[in-house]
Amino acid sequence: MEQNIIDTLHPLEIKLLDLFREASRVSEAELLTLWKEEPSSLRTAIQWLIHKNILNEEKGTEEEIVTVTETGMQTLKEGLIEEKVYLTLKNSQGKNLTLKELAFSLNLTAEELGPIIGLFKQHNLITIEREGKISFSSLLPIPKEVEEKKKLLQEISRHNYYPTKYLTSKQREIIKSVSRKRGGKKSLFKIDTLIEKYYSLTREGELLLKALSTADKMALVGPLTSELLESGKWREVKFREYNINLPAPKVIIGRKNPYRDFLEKTRKKFLAMGFQEMEGPLVETEFWNMDALFMPQFHSARQIHDIYYVKSPKYARKLPETFISKVAITHKNGGETGSRGWGYEFDMKKSHRLILRSQGTALSARALAKGPDIPGKYFAIARCFRYDKVDITHNCDFYQIEGIVVDTDINFPKLLGLLDLFARELASASEVKFVPDYFPFTEPSVALHVKHPQMGWMELGGAGIFRPEVTIPLGVEVPVIAWGLGLDRIAMIALDIFDIRELFTHNLSQLRNRKVVK
Amino acid sequence: MPTISCNIKDLCLLLPSSLSLEELKYALEKAKAEIKEYLEETGEIKIEIADTNRPDLWSPEGLARQIRGAYFKEPLVEYKFFNEKPVGEIKVHPNLKDIRPYIGAFLVENLVISEDILLSLIQTQEKLADNFGRKRETIAIGIYNAKKITFPLSYTGVEPLKTRFIPLEFTEALTLEEILKIHPKGKEYGHLVKDSPVYPVIIDSRENILSFPPIINSASAGKVKVGDDYLFVEVTGKDLRAVHLTINILACNLADRGGEIKPLAIIYPEKVVTPQPITDTIKLNINYLNKILGENLSSEEIKFHLNQMGHKIVEEKDGVFICQSPPYRMDCMHEVDLIEDFAIARGYDTFTPKPLTKFTLGRISPFVEESLVIRDIMIGMGFEEFITYILNSRENLFTKMNIPGGEAIEIENIMSERYAILRPLILPSLLEIESKNAKVEYPHKIFELGEVVEVDSKENYGCKTTLHLGALLAYPKATFSELQSYLQALFYYYAGEKLILEPANFSFLIPGRTGEIILSKQKVGFIGEVHPAVLTNWGIIVPTVAFEIDIRKVKKSYEDGRIKKAV
């Protein structure tokens, strides 16, 4: 009976069994010391033997331990927030920063900054004057509480974990003050409960250990080798049986980024629907980004708060002469388009102003000027930039999916038909709703609302028929549908994330753990 | 986009019958407006209006007007006061010609100002002056208790140092110059008049200064209270059409509230009566409307729905309507604007979507196609892909990379230093990733295929957008030769060429362990072990090797090479 089991034992299991010759009950920590190899292989062997009912696991007493969180490790490298505040104040002496400016420059919320200001005030490091201006006294050192906190962080980071019973009451207080929640995102320390585990052999295990002789160990063959094959010895030896249900070690594989996966799938859908892909420069002129789209040069969306302007050079050297003069006259009095125009003097120099592309529609304008196929369908997955504060729902650097459809018989029902197709193909939507909307370059304009299987009603995009003031100056006489889709929210559902910034994540382990986008 | 607040009850008072919240949501869609917030206890709502070209909609009165037409299907009535005789005069002095030359004004009788009306009036005044008036530059609005004013008025330029009056929120008289220095509104809007030789004021026949536009009203006449029932409203500005449009919007809004509007004459010295019935006259071709909407509509049907949007059809001949847009709108530039109005009034839900049926060819862009091939090879070699921001900081792109005075396209109006520059290289993004993943199991083999922007003074835009592949290998035993093996494989499979490296120097790589990558005699990239000084800057504690290549250059080189081989 024992011999049958012995035949299946892995060398790691035999090694682990051997550790029970001296003592019948051993703690995990002791086993780790005796093991002298990778801790992961010990844990594997333990699991195997428990699985085979050879080893017993018992839980010992609980112990509270503290560890440094990832944020804590990061803080060790970059310095405590208090130190950053101190340094910033010191480096900007005389400027009398306001609390708002200070918070903004360090990207801190008021709740984060509040206690630090309180502490500094208490130590007479700073006084708050009118309008929240901070006056800083550079002669005083950073408060000793901050130093203590740092020392403690360093001390605990040197250990895998640190039992809280060894902490002084003062240290405990510090840890309590910076571990808001257990393992909360911004806390430096994490408090856990550690339970020491003990192992002993089952009755079966004890019998097995007695039966296990050195000879047994030798007679069994693990991996098949070339030597066994060549010499023909494989006919004589006995192969150890493997437990094929045991978990195998993890491998790291080369992978496409999940967000890229999502974008590629979207691209394939557009190709399947007969769309050609457009591309163009990230640095654009106001001309292609806005003027050519009949957005008047005094339009509020063109002001400094939406568009990023290039510092140097400020202007493009040239723009295509025929297009710019036609666009200019169309803005002024409608030109040949039958429109009355915006009625202002067009500023040619402003057209040349360099900016960062703010909408994929700039590529559509370029495609129209190049002379599109009729019928023709175009799309772009275009990187765009907007003057926006980056937070959980906003990126200032993002992908936009936009395009056009050109044909002689384009009309409003076909525009709706196209949107209906997008809703089904790109959002798996069962229901759609078309709502009036406003874009400066389309008339009629429509917003596409869809019922997403997981999210319910959401706005998927906007579209319309380009105004003749856009198409005619660029040399296109037939109607053109322009559309733009916001797929980031759908991407976030597909990737199972809640913070839009995570589309551009830097987190390698998160990336390794994400599943394939379906 | 403008957002306004109002009370749902107040809004419903302006409608033929009360609407539930759900009905109101649907009705507001026809005004391109959306409820953003709703407080059930008080009935307060916040409404966002998408149409930046329709200032007439930025008030409860304007939204209600649109809903009366497009939702309740009422033809919008013409306002009679546009044809009435003026009841008073304002003389405009020629010395304002280059400063703020235009004014429009009217009186409102028999309207008792309630709290809702007052709040709505103040809000409309702010939205119009801030948003449509570009922070009072093109137009500014003043509203007064007309009982304290005696006509005729004059709008004239006066000397800033010699003229004084008591502005709103003050108890003592200040000179105009002092107002700019001391009064909060003077500080905020002073730049609009500061450099003018004279400052504009409105003075009544008893020599009382009513206002110093576009800065502040007087404390005596320029304060409207709940219970007042006789108002004077004026708009000043630099653009005559904008002044008239604003006056018309305000007059129609107050008329909708039940006020009687009494026009005033402006003497420039030529006489202009305001509110002024300005309009856009548009020719609407019925065939064109039917073509764009895919319909076959009768002229009666078209007329019916256009009337709901306030358009007047003054003539119909040979299938063409001559339409006049309402005097409170200025967004009708082309017949397509009327076509959309028709479609909204009839309802987008009355159109049946039709599929696009013609065959078109789908085609991928050449560089995306290229990147698909490269991505497959990189993944086959076990690399993990990242997508990062193209915008980055000077600190990350240059300081930490030991590239003093590095060149790149920078943003002039940055919001945050973190997103200030278009990256010229991908490597800093990869090092940033590496610096944040020290705890993740090694080895790290990562790459990004993405756009970068290179400064190039020969280019029309002074720069060019290109596609780069950056790859990085980091773990305790990472070496040049290991990464070189991958690069070699990439070149073999992708470019079909042998890898040729030329010794080179880059400030961020270890000298003697750095090569420039040569393809068809062209430099297309670099490979090397990252310099310890740079690793230290990033806080990276394992050896790191990296390469970066310009895919556009590689593609061009191997295509040229193939052509040569073929010849």
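In chain A the domain assignment, whose bounds come from an automatic or database source, gives domain 1 (2–54 + 202–239), domain 2 (70–194) and domain 3 (260–512). The centres of domain 1 of chain A and domain 3 of chain A, taken over C-alpha atoms, are separated by 65 Å. For chain B the assignment gives domain 1 (3–70), domain 2 (80–274), domain 3 (281–347) and domain 4 (366–564), and the C-alpha centres of domain 3 of chain B and domain 4 of chain B lie 57 Å apart.

This is a predicted model, in which local features need pLDDT of at least 70 and side-chain atom pairs count only at pLDDT 80 or more, whereas totals for chains, interfaces and linings use all residues. Residues are numbered from 1 along each chain as its sequence is written, while chains are lettered from A and ligands numbered from 1 in the order in which they are written.

Where the chains meet, 77 residues of chain A are in contact with 78 residues of chain B, contact meaning that the C-beta atoms, placed from the backbone, lie within 7 Å. The largest share of the chain A side, 7 residues, comes from helix α19 (residues 412–427) of chain A, helices being DSSP runs of H or I with at least four residues, and strands runs of E with at least two, numbered from the N terminus.

This helix, α19(A), has 16 residues and reaches 22 Å from its first C-alpha to its last, close to the 22 Å expected at 1.5 Å a residue, where the expected span is 1.5 Å times one less than the number of residues. Among its buried residues are A:F412, A:L415, A:L418 and A:L419; buried means that 20 or more other C-beta atoms lie within 10 Å of the residue's own. After α19(A) comes A:S428, whose phi is positive, near 45°.

In chain B, strand β23 (residues 463–474) has 10 of its 12 residues buried. Strand β22 (residues 444–455) of chain B pairs with β23(B) in the antiparallel sense over 12 bridges, and B:E451 has B:L467 as its bridge partner in β23(B).

Notes. Contact = placed C-beta atoms within 7 Å. Pairing = 2+ DSSP bridges.
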